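Here is a short briefing on one protein model. Look through the structure first, then work down the topics in turn.

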Amino acid sequence: MIKSEPFGKYHKIVLTGEKRNAFTWNVVKRLLEIGCDRDVLITNEGPVFSAGLDLSVFLESKDKVLEYLFTIHRLVKKLLGCGGRTVVLVKGDVYGFGVEVLYFVDYVVASGDAFRFSVQGVNFGVFPPYTVALGRRLFSHGHLRVMLNRDFTAREAAVFGIVSEIGDFQPNRLFQPPDYLEPVRPRRWLLEVVDEAVPFLYRLAEVGTREETRERIRKFLGKA
């Protein structure tokens with residue numbers, strides 16, 4: 001689930017631990033309801049920032065999976081279109097779509113340099129759709145190859161351009177108008193190309209609902 005806390009003039013959204021902060025239906029729908037006409041801070045409780053997509057959705061019908069993935073896509077486009085600035089404070093490991101959502105915000109602070117980042121959902125038969133669709137626009141070939149082939153640390157994520165800085169969170173500096181910090185990652189231009197991910201969402205729904213994929217997911221969820 002998520003909770004909203006007072007944070008001066010800003011929205012503070014806290015991911016609070018449902019399925020290790022997976023982007024479940026409820027979480028995504030709640031995030032879509034939150035206004036972002038002013039600055040937003042997104043952070044987490046617990047040891048994991050986000051476990052990414054809710055893999056249990058792939059055990060449902062293909063139509064349900066598509067509905068879920070396109071709700072995720074609505075969230076991505078909402079973040080890209082926010083009138084205010086979006087800052088993420090990562091306080092734990094990050095997996096799958098939890099990594100990918102960081103591509104679409106203005107600034108990412110990691111409170112530690114050894115946090116684990118991973119987009120290797122392919123191990124369960126699924127793949128990171130936005131990394132596959134847009135990765136070549138966002139990262140060098142060498143960095144993208146690393147991301148798709150092994151886990152990496154927050155320190156490496158900073159080198160790749162996913163994390164903007166590592167260290168103590170300083171809200172007064174980050175939210176100081178008008179030029180709190182130059183955003184490391186462009187955001188608006190991605191609105192023009194983010195729909196390039198749509199064919200990969202259809203592909204993910206197809207691959208993710210194959211019986212062999214579902215069997216891997218069942219085994220994983222049984223151990224989680």
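In this predicted model, four strands make up an open sheet, and their order is β4-β6-β8-β9. The pairing in this sheet is mixed. Strands in a sheet pair through backbone hydrogen bonds, and they can be parallel or antiparallel.

**The sheet**

- Strands β4 (48–50) and β9 (152–153) are the edge strands. Each of them pairs on one side only.
- β4 and β6 (residues 93–95) run parallel. Two bridges join these strands.
- Which residue of β6 is the bridge partner of S50? The partner is V94.

**The disulfide**

- How many disulfides does the structure hold? There is one.
- A disulfide is a covalent bond that links the sulfur atoms of two cysteines.
- Here the two cysteines are C36 and C82, and their sulfur atoms are 2.2 Å apart.
- C36 sits in the loop between α1 (25–33) and β3 (40–44), while C82 sits in the loop between α2 and β5 (86–90), so the bond ties together parts that are 46 residues apart in sequence.
- The torsion about the S-S bond of C36 and C82 is about -100°, so this disulfide is left-handed.
- Are the two cysteines buried or exposed? The cut-off for buried is under 20% relative accessible area. C36 has a relative accessibility of 13%, so C36 counts as buried. C82 has 2%, so C82 counts as buried too.

**T71 in helix α2**

- T71 belongs to helix α2, which covers residues 62–81.
- The relative accessible area of T71 is 8%, so T71 is buried.
- What does T71 touch, leaving aside its neighbours within four places in sequence? T71 is in contact with W25, V28 and L32.

**Helix α4**

- Helix α4 spans residues 129–138.
- Its buried residues are P129, Y130, T131, A133, L134 and G135.
- What do the buried residues of α4 pack against? They pack against α2, α3, α5 (141–149) and α8 (198–208).

**The cavity**

- The structure holds one cavity of 30 Å³ or more.
- The volume of the largest cavity is about 170 Å³.
- The largest cavity is lined by 17 residues. Closest to its centre are L31, V40, I42, L75 and L79.
- β3, α2 and β5 each supply at least two residues of this lining.
- Which element gives the most to the lining of the largest cavity? Helix α2 does, with three residues.
- By class, the lining of the largest cavity has 14 nonpolar residues, two polar and one charged.

**The largest pocket**

- The volume of the largest pocket is about 630 Å³.
- How many residues line the largest pocket? There are 29.
- A51, L53, L55, F124 and F220 lie nearest the centre of the largest pocket.
- Three elements, α3 (97–100), β8 (116–118) and α9 (211–223), each supply at least two residues of the pocket lining.
- The lining of the largest pocket divides into 16 nonpolar, seven polar and six charged residues.

**Worth a second look**

- Helix α2 comes up under several topics. T71 is in α2, the buried residues of α4 pack against α2, and α2 gives the most to the lining of the largest cavity.
- β8 is one of the strands of the open sheet, and β8 supplies at least two residues of the lining of the largest pocket.

Definitions and conventions
Residues are numbered from 1 along each chain as its sequence is written. This is a predicted model: local features need pLDDT of at least 70, side-chain atom pairs count only at pLDDT 80 or more; totals for chains, interfaces and linings use all residues. Side-chain values use heavy atoms; hydrogens and water are left out. Buried means under 20% relative accessible area, exposed over 50%, partly exposed in between (1.4 Å probe, protein chains only). Contact means heavy atoms within 4.5 Å. On a 1 Å grid over the protein atoms alone, a cavity is a set of points where a 1.4 Å probe fits but cannot get out, and a pocket is an open set with protein on both sides within 12 Å along at least five of seven lines; lining residues have an atom within 4 Å of a point. Grid points are joined across faces, edges and corners, and a volume is the space filled by probe spheres set on the points. Ala, Val, Leu, Ile, Met, Phe, Trp, Tyr, Cys and Pro count as nonpolar, Asp, Glu, Lys and Arg as charged, and the others, Gly among them, as polar. A disulfide is a pair of cysteine sulfur atoms within 2.5 Å. Two strands pair if DSSP finds at least two bridges between them.
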